[in-house]
Amino acid sequence: AFPSNYLKASDLCESQPVVTIDRVDVEPVGRDKEMKPVVYFAGKTKGIVLNKTNAKKIAELAGSPNTEDWQGVQIRLYATEVEFGGEQVEAIRIKSALKAAPKPVPAPVAAGAEDDEIPF
């Protein structure tokens, strides 16, 4: 009902899209028109207003705190609930675009194949 110029957690639904950073612009945001960094993604029209948490995570993933170095870096966006002003609210968070490799499952030991070299 009230479209936003910026991506919101509710826009993501259950998806966790991988996006490529195109640029970071500093622009007036909100009622007070406070100047804040906004990260935009290749092929997307909406960006996300950066907070300290997300900026630190992108800097970690990009290997640089300089926003000029973030272009081309792939990140994964996801929606979660966070505490803000004493209330639980939805927020967008960022993590590595790479999925974690599954932990290897040890092969079962066949019956009678115990290791006889164990000294007990």
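Ser10 has its place in helix H1, which covers residues 9-12. Keep in mind as you look around that this is a predicted model. Is Ser10 buried, exposed or partly exposed? Its relative accessibility is 42%, so Ser10 counts as partly exposed, because that class lies between the 20% limit for buried and the 50% limit for exposed.

Now for the wider picture. The protein has two helices and five strands, and along the sequence they follow the pattern α-β-β-β-α-β-β. Of the 120 residues, 25% are buried. The protein exposes about 9,100 Å², with 52% of that supplied by carbon and sulfur atoms. Among contacts with a separation of 6 or more, 43% join residues 24 or more positions apart.

| Strand pair | Sense | Bridges | Residues standing opposite |
|---|---|---|---|
| S1 (residues 18-29) and S4 (residues 74-84) | antiparallel | three bridges | Thr20 and Gln74 |
| S4 and S5 (residues 87-96) | antiparallel | ten bridges | Val82 and Val89 |

How many residues lie between S4 and S5 in their hairpin? There are two, and Gly85 in this turn has a positive phi of about 60°.

Notes
Residues numbered from 1 in each chain as written. Predicted model: local features only at pLDDT ≥ 70, side-chain atom pairs only at ≥ 80, totals over all residues. Heavy atoms only, no water. Pairing = 2+ DSSP bridges. Helix = DSSP H or I, 4+ residues; strand = E, 2+ residues; numbered from the N terminus. Buried < 20%, exposed > 50% of the residue type's maximum accessible area, 1.4 Å probe, protein only. Contact = heavy atoms within 4.5 Å. Areas by Shrake-Rupley, 256 points an atom, 1.4 Å probe, with all protein chains shown as cover.
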